Amino acid sequence: MSSRCVTCNRSFSSEEALQQHMRDSPIHSPSYDCDICDRSFGNDEALQQHLRDSPVHKRSYDCSTCDRSFGNDEALEQHLRDSPVHKPSYDCDTCNRSFGNDEALQQHRRDSPVHRPSYDCESCNRSFGNEEALQQHLRNSSAHRSSYDCDTCNRFFGTEEALQQHLRDSSIHQQSTETPLDAFFRSYAAFDYDRSLPPHISYANLQRHMGWHHGQPESDKAWDKYQKALEKEFQMWFGAEDDLAAWHALCRAIGINPLPVTIEQCKKAARRTHVNIVDLIESRRGNKEGVQTFRNVNTLRAYTKETNKIFRNRFHGEDCKGVLRHLLRNIYRTSF
């Protein structure tokens with residue numbers, strides 16, 4: 001009867017021969033393997049000796065912060081005590097600075113100007129060394145003085161007395177006085193004038209009512225009177241060139257913010273701004289906030305022609321006085 005070794009796939013003549021093979025063949029010897037090192041040993045004693053002696057199997061004493069390893073726990077603890085990396089940190093988050101101890105950190109916070117109380121004027125975006133200096137600024141600065149405003153004219157005055165004087169003297173506030181445009185339109189008694197309409201609409205309505213056509217003497221004469229009324233209306237609302245309050249009223253109307261401090265700065269700002277003057281007059285008559293501005297003269301020209309909001313530019317250089325000359329642009333090649 002044949003006896004077979006399943007592992008080796010060998011056949012033996014007897015059971016006794018098979019057992020002898022099982023005892024003697026190294027294939028069937030017990031395996032003593034170190035899985036970590038991927039090594040095999042002849043017996044368990046040799047494996048255990050390897051596990052005791054090999055540095056691979058020694059216990060690891062690692063500092064995860066420093067990514068360093070030590071031979072024993074005592075060495076690791078010594079490192080944790082002595083290394084500056086593991087010392088307590090005394091940091092000033094504001095300054096992004098570190099100090100050796102808490103006392104030094106507190107001294108820094110007391111002495112550094114960065115940590116001193118801030119006395120800021122939010123309106124002016126200025127800082128002061130102490131509360132007294134801030135309060136002095138608030139009392140003395142013109143930016144914080146009481147504002148005396150005329151809502152109708154959109155003008156500001158330095159004192160209550162100046163505001164009241166303006167209200168008494170300005171023709172705008174005299175109920176019995178018409179504006180130049182009102183006087184022009186009402187000079188045509190049969191014309192049903194609606195003051196709430198924009199000036200260019202009222203003029204178009206007047207043309208239709210009177211049956212005027214371009215080139216007729218009556219039409220040309222009325223156009224000339226209308227343009228002069230626009231000029232006077234502008235001067236009434238925005239005043240003289242040497243009046244800072246008038247300049248500020250204009251700057252607010254054309255959206256210049258913050259307001260320039262001097263008249264010269266106002267002039268420069270106005271010269272850089274392109275605006276339709278009929279729109280500007282209409283905004284004051286209707287007490288509206290702001291008017292449309294344009295990127296350049298070409299876009300202003302297109303808007304003026306499309307809407308027929310024409311303000312005649314009959315001035316040249318020094319012939320035009322006052323605020324107006326800084327806003328005039330050449331919309332048409334010739335004046336009319």
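Leaving aside its neighbours within four places in sequence, which residues is Y203 in contact with? In this predicted model, the partners of Y203 are F184, F185, W212, S219, A222, W223 and Y226. The sections below place Y203 in its surroundings and then turn to other parts of the chain.

## Overall make-up

The protein has 336 residues, and buried residues make up 35% of them. Its secondary structure consists of 13 helices and 14 strands. Among contacts with a separation of 6 or more, 35% are between residues 24 or more positions apart.

## The largest nonpolar core

The largest nonpolar core contains 38 residues. Y203 is one of the residues with the most contacts inside this core, together with F185, F234 and L280. Two or more core residues come from each of the elements α7 (180-186), α8 (199-210), α9 (217-238), α10 (244-253), α11 (263-271) and α12 (277-285). The largest share belongs to α9, which gives eight residues.

In soluble globular proteins, nonpolar side chains tend to be buried together.

## Packing of α8 and α9

The axes of α8 and α9 come within 12 Å and cross at roughly 160°. Angles over 145 degrees count as roughly antiparallel, so α8 is roughly antiparallel to α9. The crossing of this pair is right-handed.

On the α8 side, the contact is made by P199, H200, Y203 and Q207. On the α9 side, S219, A222, W223, Y226 and L230 take part. By class, the contact of α8 with α9 has six nonpolar and three polar residues, with no charged ones.

## Packing of α9 and α12

α9 also packs with α12, at an angle of about 55° and with the axes 10 Å apart. The two helices are therefore oblique to each other. The crossing of α9 and α12 is left-handed.

From α9, the residues L230, E233, F234, W237 and F238 meet I277, V278, L280, I281, R284 and R285 of α12. The residues of this contact divide into eight nonpolar and three charged, with no polar ones.

H108 is in helix α4, which covers residues 102-111. Is H108 buried or exposed? Its relative accessible area is 10%, and the cut-off for buried is under 20%, so H108 counts as buried.

Not counting residues up to four places away in sequence, H108 touches C92, C95, R97, F99 and H115. C92 is 16 residues from H108 along the chain, and the C-alpha atoms of the two are separated by 8.6 Å.

## S54 in its loop

S54 lies in the loop between α2 (44-53) and β5 (61-63). With 12% relative accessibility, S54 counts as buried. The C-alpha atom of S54 is 9.6 Å from that of C37, and the two residues are 17 apart along the chain.

## Backbone features

Where is the cis peptide bond that has an omega of about 0°? This bond joins N257 and P258.

N96 is not a glycine but has a positive phi of about 60°. N96 sits in the loop between β7 (90-92) and β8 (97-99). Its relative accessible area of 72% makes N96 exposed.

N308, also a residue other than glycine, has a positive phi near 65°. N308 lies in the segment after α13 (297-307). With 45% relative accessibility, N308 counts as partly exposed.

Definitions and conventions
Residues are numbered from 1 along each chain as its sequence is written. This is a predicted model: local features need pLDDT of at least 70, side-chain atom pairs count only at pLDDT 80 or more; totals for chains, interfaces and linings use all residues. Side-chain values use heavy atoms; hydrogens and water are left out. A nonpolar core is a set of buried Ala, Val, Leu, Ile, Met, Phe, Trp, Tyr and Cys residues joined through side-chain atoms within 4.5 Å. Buried means under 20% relative accessible area, exposed over 50%, partly exposed in between (1.4 Å probe, protein chains only). Helices (H or I, at least four residues) and strands (E, at least two) are DSSP runs, numbered from the N terminus. Contact means heavy atoms within 4.5 Å. Axes are lines fitted to C-alpha atoms, for helices over the stretch in contact, and angles run from 0 to 180 degrees between N-to-C directions. Angles under 35 degrees count as roughly parallel, over 145 as roughly antiparallel, 65 to 115 as roughly perpendicular and the rest as oblique. A crossing is left-handed if the near helix is turned anticlockwise from the far one by less than a right angle, and right-handed if clockwise. Ala, Val, Leu, Ile, Met, Phe, Trp, Tyr, Cys and Pro count as nonpolar, Asp, Glu, Lys and Arg as charged, and the others, Gly among them, as polar.
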